[in-house]
Amino acid sequence: MLPSHCPAATHQLPTSACRRTSPAALPCPRAGASPVAEALLHRGLRAESLPRHVAVVMDGNARWARARGLPSSVGHEAGRRALEEMVRLSGAWGIRALTAFAFSNENWSRPKVEVDFLMGLFEQVIHDSVANFLREGIRLRVIGDRSRLPVSLQKISREAEEATRNNSLLNLTLAISYSGRREIVQACRKLAEKVQRKALRAEDIDEALFADELATGRASDGFPYPDLLIRTSGELRLSNFLLWQSAYSELFFTDTLWPDFGEADYLEALSSFQSRDRRFGERKL
Amino acid sequence: MTGTRARRGSTTTSHDSQKAQENLHDGAPSSSLTSCRLPSRPATQNPKMEKPDELITTGVLASLQNFIRKCIVAVISYGPMPKHIAFIMDGNRRYAKFRSIKEGSGHRMGFSALIASLLYCYEMGVEYITVYAFSIDNFKRDPAEVQSLMELMEEKINELLENRNVINKVNCKMNFWGNLDLLSEPVRLAAQKLMASTAENKGLVFSVCMPYNSTSEIVNAVNELCTERREHAGNCNGNSPNNGVHSDISVEDLDRHMYSAGCPDPDIVIRTSGETRLSNFLLWQTTFSHLQNPDPLWPEFSFRHLVWAILQYQRVYPYIEQTKKLAKKLL
């Protein structure tokens, strides 16, 4: 059995163990009941070989709008609808965690008008969705460098996180103002401080300890490592998203722009994941 | 997803590594490639490894191949060329299985393909090459396979040590990145000797990641950085406030402690055999690299696949450069 800090280890936990450790909520008809399995089979997917945690880089809103001769704000609104659809589908198909890359550190260099619009959009989306999250059992978390976000957005995301803290059906993580390298540097700073305070010896820092310091939290919290990482709009890069956590993730690249990413594309990504042979270095690189 | 369809039946770069090194003795690196078959030749399905005699081509044909290759290199050099290419050499075992040859031979042919690719890259003016030779996770494999891989590596490193003038001719500086303590004594000593003997070379930088895991590289860097900071704080002896020491830890600080300190980030990461994963390889360094997943297995990876990879890179180059510059400004 691999040690739990290793990204590969979480994938080997049997699903029944995961279900037992989550707090006993209202019995939900969606949790592994046969209608879900049937719906999946109907679409050519097997429930047991679906990814537990899907990460998505929502790229292509501005390009989508430009192609239609519309302002980028329309593209971002369309992107919002695509994300809501993806959240709905993930919940319906029993995917336990979804991480979406909404705004990267590099995006701060976009025109101020667009950045302000996006911040307003995030605030509105979180505000409008809290009721839905509570109903559907979705737990929201926001990761990234909060200090750069407008105060109102910080406040509302904190409140939403608090309100949905006890939900367990789907962990939705929004990465806003996020950079993978910064996350690692941040963890390094925290550990350096602990070493300084003599709470920790430098020699004792290992992968487990380091992984715990990352924003995505401990392995026991849920599913910190994505099984599948989808990137839209044809870019073949990771662009500073979940560097540490995506060590063993299956990558799926598609040319579809994010606002056009719908059920059919999602199914394609999941089928592709299903057909992959994941070895975690054991038989082969 | 970038993919190139290679005919699995063709035996493209299946020249013996020993042959390659013998030819290197003769002079310019390109002469070793006269023993390679270009994929445009009709290929026969040959399940057994070819004998060295069959690989020697006639003088005229060899010169023609050389000339064609030089022309192609000249043409693609008009566009932006990558400075650093990283390879995940996946597919050796599958290659051996398809050809019904002994498994160890798959790795040996993989090594031949590696030397060939190295020389092609050198011809094209690529300055840094990094390969993922062995992952720390691979220690979990069948002990017999691990043992044979270690023996192969020891053998090849010793060969390179003996033919040091070969490396020096290409002016190659060799690096071994990874947790070398996990290697057995003879392999580790050989690797350290090779690194020491090529440390002064200023040409192509060839880095072999073995045994390597990006997560342990990052933890190692954090470890070293924390120790460094603690010693620095110890020297100041409580005169500076606690916060001052840590809040200025930056990306550059961590960069300095990575095994890859001093090397630029890879421009292209090529993982053969069509798998789309990073498998814990250079996670920190490849954040803006162009990821490619050609279908051929590693022993089949040849000159035309490399050219295709570079052409793909050139196609997206303007966009990548723009994002990289932006990111470096903000990080």
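First I wrote down a term: a polar contact is a pair of N or O atoms within 3.5 Å, and within protein one must be able to donate a hydrogen and the other to accept it. I also noted that this is a predicted model.

**Entry 1: the interface**

I looked up polar contacts across the interface of chain B and chain A and found 15 residue pairs. Helix 9 of chain B gives the largest share of the side that touches chain A, with 11 residues. I then checked the contacts: 57 residues of chain B meet 47 residues of chain A. Together the two chains bury about 5,000 Å², and 59% of that is on carbon and sulfur atoms.

**Entry 2: charges**

I counted 3 salt bridges between chain B and chain A. One of them joins Glu203(A) to Arg230(B), with the closest N and O atoms 3.9 Å apart. I also found Arg181(A) over the face of Trp284(B), 5.3 Å from the ring centre.

**Entry 3: rings**

How many aromatic pairs does the structure hold over all chains? I noted 19. Tyr212(B) and Phe281(B) form an edge-to-face pair, 6.1 Å centre to centre with 75 degrees between the planes. This pair links distant parts of the chain, 69 residues apart. Tyr212(B) has 0% relative accessibility, so I marked Tyr212(B) as buried. Phe281(B) is buried too, also at 0%.

Why is the pair of Trp298(B) and Phe301(B) stacked? The ring centres are 5.4 Å apart and the planes are at 15 degrees, so the pair counts as stacked. Both residues are buried.

Technical notes: Residues are numbered from 1 along each chain as its sequence is written. Chains are lettered from A and ligands numbered from 1 in the order in which they are written. This is a predicted model: local features need pLDDT of at least 70, side-chain atom pairs count only at pLDDT 80 or more; totals for chains, interfaces and linings use all residues. Side-chain values use heavy atoms; hydrogens and water are left out. Rings of Phe, Tyr and Trp (its six-membered ring) pair if their centres lie within 6.5 Å; planes under 30 degrees apart count as stacked, over 60 as edge-to-face and the rest as tilted. Helices (H or I, at least four residues) and strands (E, at least two) are DSSP runs, numbered from the N terminus. Buried means under 20% relative accessible area, exposed over 50%, partly exposed in between (1.4 Å probe, protein chains only). A charge sits over a ring if NZ of Lys or CZ of Arg is within 6 Å of the ring centre and within 35 degrees of the ring normal. Contact means heavy atoms within 4.5 Å. Buried area is the accessible area (1.4 Å probe) that two parts lose on being put together, summed over both. A salt bridge is a side-chain nitrogen of Lys or Arg within 4 Å of a carboxyl oxygen of Asp or Glu. A polar contact is a pair of N or O atoms within 3.5 Å; within protein, one must be able to donate a hydrogen and the other to accept it, and residues adjacent in sequence count only if both atoms are side-chain atoms.
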